[in-house]
Amino acid sequence: MNLKNKNQRRDFIKTSALVTGGMMLSPFSIPGAHAAGSDEIKIALIGCGGRGTGAAFQAFGTDQNIKLVAMADAFRDRLDDSYKALSSKIGTEKVVVTEDKKFVGFDAYKDAIAEADVVLLATPPGFRPIHFEEAIRQGKHVFMEKPVATDANGIRRVIAAAEQAKAKKLNVVVGLQRRYQDNYIETIKRIEDGAIGDIVGGHVYWNGGGVWTRARTPEQTEMEYQMRNWYYFNWLCGDHISEQHVHNIDIANWVKGGYPVKAEGTGGRMVRTGLDTGEIFDHHTVRFTYADGTVIDSECRHFPGAFNKVDEAFTGTKGRAYMNAGNVGKLTALNGNSLYDHDGKDNINPYQQEHNKLFAAIIKGEYAYEDATRSAMSTMTSILGRNATYSGKEISWDEAFNSKIDLMPEKFAWDAMPKVLPDENGLYPHAVPGQTKVI
Amino acid sequence: MLPNKFVISAVVAGSILLFNAKSIVYSDSFEPYKQEIPHTDLIFGMAPIPAGEFVMGSPGDEEGRKEDEGPQRTVSVDAFWMGTHEMTWDIFELFLNKNYEASISQKELSPEVDGLTRPSTPYLDMTFGMGKEDKPAIGMTQYGAIQFCKWLYTKTGKFYRLPTEAEWEYAARAGASTAYFFGNETSTLTEYAWFAENSEETTHKIGQKAANPWGLYDIYGNVMEWTNDAYVPQYPKIAEVDNNPRATSDELYPRVIRGGSYISEADELRSSRRFASNAKWKQIDPQIPKSRWWFPEAPFLGIRVVRPLEQPSEEEIMAYYDQAPIDDY
């Protein structure tokens, strides 16, 4: 794919305006949405961890008549915890997941998807392309979490499935929830209207303390250990530059109205030296260059004790923009005068909003949400950044996007081996800039 | 038999005893002291707050008064020390991350400290871009604040806990019955407090403003401070002196927070002003169950610890720390 951002920008904005305007091409029936004469929407949860369970709560938090009819997870205990939380808080009238609709294992997703009108995909991101393809193949509407893949192969599969979703008029909402958060929507709308001129530079950050680790237990196979400790393995997580920082990178792409043409950067493992930290880096600094020459700096790190910063700032020819997830959205002129200061007091919880919008569109029979392609492109941007820091080289979008490297295991089974394995000391090989090949 | 009428439900029998216990280790002399965090160069100050009686709540004619600040009644509190400052990120972060604590400690962590339950790593940046060094730690739940106290106890052997609502107000008033410890004049507030008028919407390094007469810095403003108590919308009507009152609950919300913050208006900094914790502060937590450790939407909320002069028994102390957490959905 060859991106010419400058020319694409107008089209991009036009397209997104049409989509957010909820343009109705013609009345059409929504495939598999709900049985005739019933307003009930059946959902299935694929991936029953904390986030998946949260997504299910948000589905129940919409105005629609939701029934959870199936659940799937690789692990029975994760499914059980989630079922317990959901059934005790929502009630068994709406959480109607009988024992034969609790599907466990690597193939569980297929059967669970078959039961529902709308599926929630919230497993570790490595499985997203497989699950998304199947959901679209079966004609289901989708809420799926970010990032949507962990390698270019997965990205291409998601984009291809997104084309199918479009053809079938299936709504797809992706959990890049800043897209559903008022301070971002309102501030970026003003940037697109020219409030601070053309964007010529920017910085986006996810600098935090890190996330959980789960200890290895003696009975676990290597596959089970990696699945339980998924954050630390690229085939499952994509590294924290994808898993978390994709949020901020997506804002850069939104503000620029396109995707970078190349990236270079630096990263490594400074504090992640233990047996429980797999193969991912703990810091990345990437310079993304867009087609018009604009450079957006991206920083993400997991350093306990260090200064934290999770936000986005941009410079335009006539002013500056600052945004963050705490409902802040500010535009200032170059002389410092305020041009716009978003009042975030009444912002709706963006995690809830994305579900409200999705389910409202489905019940009305509208085809209004097509988040998959742009989310795949922003996920790809984060993978491009990872390619740059892992290799220590300048990598073009086209090289990264067309890479044939496939991180996924050849076989999914508890006794099968992932591609990255520990050495005799229990340590995993990790990328070494200047040596590692990523393309 | 309950020690006072303010107890709405007893979660743990030991937690009631705690504040009336007369067993007791009597250790340090009742003087100000600096508490070191062992094997680090971090310290925090503790100021002695003498036992005494005061009128809790505000009179009906106090400017800015809210309905929940009454009825006024006489309350007595036992002697305690109180943190001279709000707890900083520098110290709180040791509790957050065992590896980090081990890395800056000059000695290996003891098995007790090593084995403590620590907070989950917050998904968001819990400094909200406001910085850490010498700045108050923010956004923790009451459960997290109490577990931090347990960590401090395990490190120091001294019983640190959250102040009761009565202790907090008594300490903030420092003998005054006016709206603020210095009188009723709001124009004086900028000498003592970071609040909406002067904070520029951010927390500030602790101890930049003048202390109250009992040596407590930032007791108003900067960040609100956790108390131990459940929030009840009205104080009990009682004629006699209420001894060491404390409200407990088996509900997670609401609990009492005091002192106003960097985003509060002047009248919210009054000694008698009360705030109630709110489930909405976890609204954007994307995980279920929601974190028992963090409020991603309460960057205005922090900790100031107290230590009773008479230290209760080990059993009573552990009963306080080990109150079962309540799931939040």
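Guide: A strand here is a DSSP run of E covering at least two residues, and strands are numbered from the N terminus. The model itself is predicted.

Visitor: In which strand of chain A does G202(A) lie?
Guide: Strands carry numbers counted from the N terminus. By that count, the strand of chain A that holds G202(A) is β7.

Visitor: Is G202(A) buried or exposed?
Guide: Under 20% relative accessible area counts as buried. G202(A) has 6% relative accessibility, so G202(A) is buried.

Visitor: Which residues does G202(A) touch, not counting those up to four places away in sequence?
Guide: Neighbours up to four places away in sequence are left out of this list. What remains for G202(A) is V295(A), I296(A), D297(A), A313(A), F314(A) and T315(A).

Visitor: How many Å apart in space are G202(A) and A416(A)?
Guide: Along the sequence, G202(A) and A416(A) are 214 residues apart. In space, C-alpha to C-alpha, the distance between G202(A) and A416(A) is 44 Å.

Visitor: Now the two chains. What area is buried between chain A and chain B?
Guide: The size of an interface is often given as the accessible area lost when the parts come together. Here carbon and sulfur atoms give 56% of that area. The total buried between chain A and chain B is about 1,900 Å².

Visitor: Which residues in chain A lose the most area to chain B?
Guide: Three residues together make up 22% of what the chain A side buries. They are G305(A), N308(A) and Y351(A).

Visitor: How many residues of chain B are in contact with chain A?
Guide: Chain A brings 25 residues to the contact.

Visitor: How many residue pairs are in polar contact across the interface of chain A and chain B?
Guide: Salt bridges across this interface number 0. Polar contacts are found there too, with both residues at pLDDT 80 or more. The number of such pairs between chain A and chain B is 5.

Visitor: Which element gives the most to the side of chain A that touches chain B?
Guide: Four elements of chain A each supply at least two residues to that side: α2 (50-60), α3 (76-90), β11 (309-316) and α12 (350-364). The top contributor gives 5 residues. That element is α2(A).

Visitor: How do the residues of the side of chain A that touches chain B divide into nonpolar, polar and charged?
Guide: Tyr counts as nonpolar, while Gly counts as polar. Sorted this way, the chain A side divides into 11 nonpolar, 10 polar and 4 charged.

Visitor: On to aromatic rings. What kind of aromatic pair do W212(A) and Y232(A) form?
Guide: The ring centres of W212(A) and Y232(A) are 6.3 Å apart. Planes over 60 degrees apart count as edge-to-face. At 85° between the planes, the W212(A) and Y232(A) pair is edge-to-face.

Visitor: How many residues apart are W212(A) and Y232(A)?
Guide: W212(A) is in the loop between β7 (199-208) and α8 (222-228) of chain A. Y232(A) is in the loop between α8 and α9 (234-237). The pair links distant parts of the chain, and its separation is 20 residues.

Visitor: Turning to charges, how far apart are the closest N and O atoms of E186(A) and R190(A)?
Guide: Side chains of opposite charge can pair when their charged atoms come close. E186(A) and R190(A) are 4 residues apart in helix α7 of chain A, so about one helical turn separates them. Their salt bridge has its closest N and O atoms at 3.0 Å.

Visitor: Which residue forms a salt bridge with E101(B)?
Guide: E101(B) lies in helix α3 of chain B, and its partner sits in the loop between α4 and α5, so the pair ties together parts that are 17 residues apart in sequence. E101(B) is buried, at 1% relative accessibility. The closest N and O atoms are 2.8 Å apart, and the partner is R118(B).

Visitor: Which residues do salt bridges that share partners join into one network?
Guide: Over all chains, the structure has 43 salt bridges. The network joined through shared partners consists of E165(B), E169(B), R173(B), R258(B) and R274(B).

Notes: Residues numbered from 1 in each chain as written. Chains lettered and ligands numbered in written order. Predicted model: local features only at pLDDT ≥ 70, side-chain atom pairs only at ≥ 80, totals over all residues. Heavy atoms only, no water. Contact = heavy atoms within 4.5 Å. Buried area = accessible area lost by both parts, 1.4 Å probe. Salt bridge = Lys/Arg side-chain N within 4 Å of Asp/Glu carboxyl O. Polar contact = N/O pair within 3.5 Å; in protein donor to acceptor, adjacent residues only side chain to side chain. Phe/Tyr/Trp six-rings, centres within 6.5 Å; stacked < 30°, edge-to-face > 60°. Buried < 20%, exposed > 50% of the residue type's maximum accessible area, 1.4 Å probe, protein only.
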